[in-house]
Amino acid sequence: MEVPTESKTTQIDEISHNLSFTTSNAGDSSWDKISFFRHRSRQIKRDTWLVSVFVLLQIVLFAVTMGVNDCSGNSHGHCSAKLLGRFSFQSLSENPMLGPSASTLEHMGGLSWKALTENHEIWRILTSPWLHSGLFHLFINLGSLIFVGIYMEQQFGPLRIAVIYFLSGIMGSLFAVLFVRNIPSISSGAAFFGLIGAMLSALAKNWNLYNSKISALAIIFTIFTVNFLIGFLPFIDNFANIGGFISGFLLGFVLLFKPQLRQMPPSHKGKLFEDDMNRSTRLKEQFDRPVLRIICLLVFCGILAGVLLAACWGVNLNRHCHWCRYVDCVPTKKWSCSDMTTSCEAMVSDAQLTLTCMANGKFRIFPFTNISQARTEDLCTLVCS
């Protein structure tokens with residue numbers, strides 16, 4: 001019986017399609033390789049609600065901080081961006097980051113030696129990672145968080161990213177406590193640096209599964225460097241950034257053990273592709289062995305327990321390491337890196353306030369007198385620096 005011509009044509013087309021598929025992929029090893037920073041159209045389609053919540057929460061907290069600061073009312077109009085009224089910024093000589101005063105940052109939960117050691121306000125370890133020193137710091141931090149956080153959440157899901165973010169923030173705050181000074185500091189970069197560390201460990205752990213690895217390392221290094229350099233400015237703690245990065249790097253090996261591979265064609269297309277899939281699976285299993293995860297988890301728990309005990313005992317490593325302050329601060333004419341206790345003599349005359357620094361004899365005259373004790377301490381620090 002004769003087979004219809006149309007059926008013959010269909011069979012020939014199917015055979016030729018299979019042959020062309022096998023030929024086009026012969027010797028192509030890209031099927032078991034994926035780009036670390038994928039194009040947006042190739043990313044795993046997941047809702048990034050977690051990063052959105054983090055960004056919105058930190059914007060709201062910064063707005064609340066500026067409202068509590070109330071520069072126009074508490075600083076007698078000596079503010080930047082006066083048109084913002086209650087939400088205007090402190091003068092650039094006081095806070096170059098376009099933000100609140102030092103006393104406001106301490107009131108909102110920033111880290112300071114006096115609050116932690118004398119008042120035993122340990123809760124500041126949990127509040128400090130959510131604060132920002134100013135508008136400039138907020139934009140840089142949240143911009144980096146959006147770029148890194150959305151990518152990590154799409155690749156590994158919100159639960160693991162949330163664990164890394166929170167634990168890195170806590171670890172960073174504990175690191176900052178060991179080097180904390182009298183000047184209030186915040187550790188909002190610690191949680192973000194934890195995501196950078198986790199991203200680096202994800203790349204290192206699955207090195208053979210990715211292409212364009214040098215470009216990925218360059219992007220990670222650039223983001224790290226920019227945010228670390230910002231940490232030299234006032235009120236931002238670089239020790240918290242270091243602690244957060246170490247935490248994220250270790251937790252990345254513990255939690256990010258299932259990278260999302262590129263979706264590949266079905267195995268019935270040809271044996272060549274089956275071999276590629278088996279090779280990818282073997283590589284994945286090799287990097288997912290539990291020994292590395294267990295070791296990193298033990299190291300993380302050991303470091304966390306160590307810094308927690310040191311923080312509870314009031315250990316101050318600045319007393320044993322005199323150069324460590326320069327990891328967190330670069331001295332300029334505008335501010336000093338010394339950890340001296342500021343004390344000023346106040347003199348009121350003709351509706352003017354004269355503050356004289358007891359440490360160096362510098363003084364400054366202010367055209368007002370009715371200010372709070374916290375605000376007086378802010379101005380004293382400004383005069384003595």
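## Buried, exposed and in between

A residue is called buried when its relative accessible area is under 20%, exposed when that area is over 50%, and partly exposed in between, using a 1.4 Å probe and protein chains only. The structure is a predicted model, in which local features need pLDDT of at least 70 and side-chain atom pairs count only at pLDDT 80 or more, while totals for chains, interfaces and linings use all residues. Residues are numbered from 1 along each chain as its sequence is written, and side-chain values use heavy atoms, leaving out hydrogens and water.

## Salt bridges

Let us start with charged pairs. Side chains of opposite charge can pair when their charged atoms come close. A salt bridge here is a side-chain nitrogen of Lys or Arg within 4 Å of a carboxyl oxygen of Asp or Glu. Searching the whole structure turns up three salt bridges.

One of them joins Arg375 to Glu94, with 2.5 Å from N to O. This pair links distant parts of the chain: Arg375 sits in helix α15 (residues 373-384), and Glu94 lies in the loop between β3 and α4 (102-107), 281 residues apart. Helices (H or I, at least four residues) and strands (E, at least two) are DSSP runs, numbered from the N terminus. Both Arg375 and Glu94 are buried.

Arg86 and Asp70 also meet through their side chains, at 3.3 Å from N to O. They too link distant parts of the chain, 16 residues apart, with Arg86 in the loop between β2 (79-80) and β3 (89-90) and Asp70 in the loop between α2 and α3 (71-74). Arg86 is partly exposed at 45% relative accessibility, whereas Asp70 is buried at 13%. A further salt bridge connects Glu121 and Arg124, whose closest N and O atoms are 2.6 Å apart. Glu121 counts as buried at 19% relative accessibility, and Arg124 counts as buried at 6%.

## Aromatic rings

A pair of aromatic rings is described by the distance of the centres and the angle of the planes. Rings of Phe, Tyr and Trp (its six-membered ring) pair if their centres lie within 6.5 Å; planes under 30 degrees apart count as stacked, over 60 as edge-to-face and the rest as tilted. The whole structure holds 14 aromatic pairs. Among them, Phe224 and Phe228 are stacked, at 5.8 Å centre to centre and 10° between the planes.

Where do Phe224 and Phe228 lie? Both belong to helix α10 (residues 213-230), four residues apart, about one turn of the helix. Phe224 is partly exposed, with a relative accessible area of 25%, while Phe228 is buried at 17% relative accessibility. Phe228 also pairs with Phe232 in an edge-to-face arrangement, 5.7 Å centre to centre with 90° between the planes. Phe232 is buried, as is Phe228. Ring pairs link these residues into a cluster that includes Phe192, Phe193, Phe245, Phe249 and Phe253.

## A buried histidine

His137 is found in helix α7 (residues 135-156). With a relative accessible area of 4%, His137 is buried. Leaving aside residues up to four places away in sequence, His137 touches Met97, His132, Ile186, Ser188, Ile230 and Ile236, where a contact means heavy atoms within 4.5 Å.

## A nonpolar patch

On the surface, Leu56, Val60, Val64 and Val68 form a nonpolar patch with about 320 Å² of accessible area together. Patches are made of residues with over 30% relative accessible area and no salt bridge, with like charges joined within 9 Å and nonpolar side chains (Val, Leu, Ile, Met, Phe, Trp, Tyr) within 5 Å. Accessible areas come from the Shrake-Rupley method with a 1.4 Å probe, and for residues only the protein chains shown count as cover. Val64 belongs to helix α2 (residues 49-69) and is partly exposed at 39% relative accessibility.
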